[in-house]
Amino acid sequence: MSDKLMPDDTSTDDMTSDGAPVRVVLAKLGLDGHDRGLKVVARILRDAGMEVIYLGLRQTSESIIAATEQEDADVIGVSMHNNGHLTLAPEILSALTAAGLDTPLVVGGIVPTEDLDELYTAGVAGVLGPGASAEEVAESVRLAARGERPAPSVG
Amino acid sequence: MSSEETSNDDAAKAQWQAAYDELAKAGKLRDVPFETMSGVPVDPVYGDAPYPGQYPYTRGVYPTMYRSRLWTMRMFAGFGTAEDTNARFKDILRNGGSGLSTAFDMPTLMGRDSDSPWAKGEVGRCGVAVDTLADMEDLYADIDLGAVSTSMTINGPAAIIMAMYIAVAEANGVARSDLAGTIQSDIFKEYQAQKEYIYPPRPSVRIITDMIRYMNVEMPKWHPISISGYHIREAGSTAAQELAFTLANGFAYVEAAVAAGVDVDDCAKRLSFFFNSHSDFFEEIGKFRAARRIWARWMKERYGAKNERSMLCRFHTQTAGVSLTAQQPEINIARVAIQALAGALGGTQSLHTDSYDEAMALPTEKAARIALRTQQIVAHETGVTNVADPLGGSPYVEWMTDEMERQAEAIFAHLDELGDGSILEGVYAGIENGYFVGEIADAAYRFEREVNDDKRIIVGVNAFTDGDEGQGELLRIGNETEELQLKRLGEVKKRRDDAAVASALAAVTAAAESDANLMPPLLDAVRTYATVEELAMAMESVFGTYVEKAII
């Protein structure tokens, strides 16, 4: 189901410490079908030289974790426009832990500022909200891949 | 103008005047002075033929337009439990809203119950949670369904929810033949943009043609499909793509109904449309005008419709949710006002105005009231309702209308070719080969790049960013909604007759396997308090599921 896209440049900015391009799994978590933002993010990351594994709609913690393991991904990006982030983000984080993975999770979509603390406390590596620029999107994933926490960008 | 054109125009004007006078004599004009704020009397229309109410209806579907009746102020609402939304409905009606419009939560839209593992975290968040008839009873409690018109935005499980609405009305003594409203039931745009489908396209279209056939006999005042460009635009399309994909979907439904043995007029006259009103003022107005002209021409010339009503593109408009900014949210009120004005100048039949806080959440009651007040200002203070198609004849507006039509025709030609002379097959093929989603994603990405590169200014986002005071008060739907809804569902399941449910579900499956119309067994089944998911699965066992190919 995944649509793997190879990077179209080899800028070293977007490589992990071992010199390989950052590999990102992108998914819509849950029933929410708003995929405009995630598709734009996928193209932004691809244009920034990352390898994007786009899982698309109706993914679960299990399907995302399976893809992360199989694709040896450096970062997971999930998008939610359904106001379900406070339920679904902690759920996938604990599923990751249970699977023995520490892959950083970046959450994108409609996230009110008042929820940021709760998401970061739960272990989310980055949050991208409405109005995040292409540079902020790429930077947050890049930092997450290096184990750093980017500044939240929720507009 | 040549003398022949002049005499044609005179004849058209005389015909229009007669139609106008007849409505005036019948007392069909609103009892307000049709004059400017300064007391200058104004004519009902200016410019040249064809006039409003005349083929191809570029200038409006009715001869009198808003002099007879303002557009319906239809505010979309739905959140939390049925009781929460029922209270919001009553607030809307009390504040001068003239129709109801129901937003369902994501599990309901996907045919899942609140107790499904899929529903976790999504119950009542984006709309109201409906699991069984009991929820629909509470949703419309103390509202006279014989007196209001109701719109329900649901597609995959549309037939199930429609059956529940009929059951609620009839339990309250309102005959189904007296029900007025619209159910969205536009499945094509789900595969193309909104992505709330259950079954593959062809069985989904069979359900829709069953609804059309049922309503032709049983529900003369109900619109079985609202063919929606709104979501296509929200997903990122251009104005012309919104126009073309939507009308092509409309042609496809007509072709499907005709193939199922329905007369073209019995189908087409019952269709209504739903467009987005975005911020590029003249492009939007040109789009609305072109929509009417294209629909009329295609119905008459390609599909041989005879009934004038079949040729009328009557549409609902909603301002562009995607244009709302999370930054400096109050300035969205200005965006909504401009978009609402475009809808009115474009001749819409009903209008939803978005609330300024909707970039971040469902609207608070205050924000929803301001949105309603915004369209009331357009309707009652600006004078734009005095004159039909007041921009008609403007060289720029006429050019834009022609340009929208030209771009749309190019897309129809592509779909016609894809479908070997059938728009229906062209739409199926375009869904299958990723044409629609690809075109929309390309347009969305182009727009984002332009904003990102500052080639396009979005106030408060990439320019004029001072003064953002944050998001203010937001409507939050907490976990208690989910807990409450699970409890309600559990109680309904406990008190219903399980044997009756099982046999009603079996009857739905049997109808799905045969050519029998699905509506009667669905109506029987909802009355046993079978759930949305049970009913959806009763059909899924025959129809299968649809999974989208993941393409960027």
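How far apart do the C-alpha centres of domain 1 of chain B and domain 2 of chain B lie? In this predicted model, the two centres are 28 Å apart. Domain 1 of chain B covers residues 1–65 and domain 2 covers residues 70–452, with bounds that come from an automatic or database domain assignment. Residues are numbered from 1 along each chain as its sequence is written, and chains are lettered from A and ligands numbered from 1 in the order in which they are written.

Contact, meaning heavy atoms within 4.5 Å, involves 21 residues from domain 1 of chain B and 23 residues from domain 2 of chain B. The size of an interface is often given as the accessible area lost when the parts come together. Here the two domains of chain B bury about 1,800 Å² between them, 56% of it on carbon and sulfur atoms; buried area is the accessible area (1.4 Å probe) that two parts lose on being put together, summed over both. On the side of domain 1, Tyr55(B), Tyr57(B) and Thr58(B) supply 33% of the area buried against domain 2, more than any other three residues.

The rule finds one salt bridge between the domains, that is, a side-chain nitrogen of Lys or Arg within 4 Å of a carboxyl oxygen of Asp or Glu. Asp389(B) and Arg59(B) form a salt bridge in which the closest N and O atoms are 2.7 Å apart.

Attention now turns to the neighbouring chain. In chain B, 46 residues are in contact with 47 residues of chain A, and the area buried between the chains is about 3,600 Å², of which carbon and sulfur atoms give 55%. The count between these chains is six salt bridges. Arg476(B) and Glu114(A) meet through their side chains in a salt bridge (2.6 Å, N to O). Polar contacts between chain B and chain A number 17 residue pairs (both at pLDDT 80 or more).

Some local features of chain B complete the picture. Trp16(B) and Tyr51(B) form a tilted aromatic pair, 6.1 Å centre to centre with 40 degrees between the planes. Rings of Phe, Tyr and Trp (its six-membered ring) pair if their centres lie within 6.5 Å; planes under 30 degrees apart count as stacked, over 60 as edge-to-face and the rest as tilted. Trp16(B) lies in helix H1 (residues 3–25) and Tyr51(B) in the loop between H1 and strand S1 (72–77), so the pair ties together parts that are 35 residues apart in sequence. Helices (H or I, at least four residues) and strands (E, at least two) are DSSP runs, numbered from the N terminus.

Most residues other than glycine have a negative phi, and most peptide bonds are trans. The bond from Ala49(B) to Pro50(B), however, is cis, with omega near -10 degrees, and a cis peptide bond also joins Tyr55(B) and Pro56(B), with omega about 0 degrees. Pro50(B) is found in the loop between H1 and S1 of chain B, and Pro56(B) has its place in the loop between H1 and S1. Gln328(B), which is not a glycine, has a positive phi of about 45 degrees.

Methods:
This is a predicted model: local features need pLDDT of at least 70, side-chain atom pairs count only at pLDDT 80 or more; totals for chains, interfaces and linings use all residues. Side-chain values use heavy atoms; hydrogens and water are left out. A polar contact is a pair of N or O atoms within 3.5 Å; within protein, one must be able to donate a hydrogen and the other to accept it, and residues adjacent in sequence count only if both atoms are side-chain atoms.
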